[in-house]
Amino acid sequence: MAGRSEQRTRSPRMPRDARRAQVLRVAQELFSTEGFHHVSMDDIADRAEVSKPVLYRHFPSKLDLYLAVVDQRGADLFAAVEAAVEPVETGPVQPGDGRHVVAALVRAYFEFVEGAGESSSLLFESDVTHDVDVRARVERAASEGTRKIAAVLVDVTGLSPEQADLLATALTGMAQSAATHRFRQGCAVAVEDATELVARLAWGGVSALIRPDFEYGDPA
């Protein structure tokens, strides 16, 4: 509407980086609750209390803004996955480490969804995936995490890269689905309890695949 921007309340002047972060927070909330197609740049400008010229100086289009939010969420998830598998990447691997890593991986997804709330859907259930390039961007974080897990599975199981990739996809898919289900059911099961349950299930499968000659470090 013509008078909409004129009546907009302006927020105090901020440094460029702070303003960009504020816009990303607002956009994340709107995109995750209402979906990409139902949110306009006017909506975001109104909620962030900035003019549209200011908004467009930071993000040339709504899609650019959406993908910036997706990248931010994806970086958070990938960092959690990276931290979970680090113990078996840097070695030496001690007896019991494998189970701890699987539990840490499952916990990474539960804590990500718990912290991100509905904005986790921007990675897991995006409504902008009709475009192949956009879909690849949205799925990149999960794919990067899966590749890292697959590389570890190749090492400890002796499976082919293709087989390990399939198992890593199944493992992350289980953690993601369980975490999302728990959140949307009102968090009736505590994060720690949910992590333990799903990790026990996942480790039961992974442990049966560890190759007999895999060398553990000296527990001493």
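1. Let's start where two helices meet: Leu171, Met174, Ala178 and Arg182 of H8 touch Val191, Ala194, Val198, Leu201 and Ala202 of H9. Contact here means heavy atoms within 4.5 Å. By class, this contact has 8 nonpolar, no polar and 1 charged residues. The classes work like this: Ala, Val, Leu, Ile, Met, Phe, Trp, Tyr, Cys and Pro count as nonpolar, Asp, Glu, Lys and Arg as charged, and the others, Gly among them, as polar.

2. A word on what you're looking at. This is a predicted model, where local features need pLDDT of at least 70 and side-chain atom pairs count only at pLDDT 80 or more, while totals for chains, interfaces and linings use all residues. Residues are numbered from 1 along each chain as its sequence is written, and side-chain values use heavy atoms, with hydrogens and water left out.

3. Now the geometry of that pair. H8 (residues 161-184) and H9 (residues 191-207) pack at an angle of about 150°, with their axes 11 Å apart. Axes are lines fitted to C-alpha atoms, for helices over the stretch in contact, and angles run from 0 to 180 degrees between N-to-C directions. H8 and H9 are therefore roughly antiparallel (under 35 degrees is roughly parallel, over 145 roughly antiparallel, 65 to 115 roughly perpendicular and the rest oblique).

4. Threonine 195 is buried, at a relative accessible area of 1% (buried means under 20%, exposed over 50%, partly exposed in between, with a 1.4 Å probe and protein chains only). Leaving out residues up to four places away in sequence, threonine 195 touches Ala103, Val106, Arg107 and Phe110.

5. Zooming out, the chain has 9 helices and 0 strands (DSSP runs numbered from the N terminus: helices are H or I with at least four residues, strands E with at least two). Of its 220 residues, 42% count as buried. Among contacts with a separation of 6 or more, 71% come from residues 24 or more positions apart.

6. Compare another pair: H1 (residues 16-34) and H2 (residues 41-48) pack at about 120°, with their axes 9 Å apart. H1 and H2 are therefore oblique to each other, and their crossing is right-handed. On the H1 side the contact uses Arg19, Gln22, Val23, Val26, Ala27, Glu29, Leu30 and Phe31, and on the H2 side Asp43, Ile44, Arg47 and Ala48. That makes 7 nonpolar, 1 polar and 4 charged residues.

7. H1 also holds aspartate 17, which is exposed at 64% relative accessibility. Aspartate 17 and histidine 58 are 41 residues apart in sequence and 9.5 Å apart in space, C-alpha to C-alpha.

8. Have a look at glutamate 49, in the loop between H2 and H3 (52-58). Most residues other than glycine have a negative phi. Glutamate 49 has a positive phi of about 60° although it is not a glycine. It is partly exposed, with a relative accessible area of 33%.

9. Lastly, H7 (residues 132-157) bends by about 50° at arginine 140 (the angle between axes fitted to the seven residues ending there and the seven starting there). Its buried residues include Val134, Val138, Ala141 and Gly145. After H7 comes glycine 158, with a positive phi near 80°.

Technical notes. Left-handed = near helix turned anticlockwise from the far one by under 90°.
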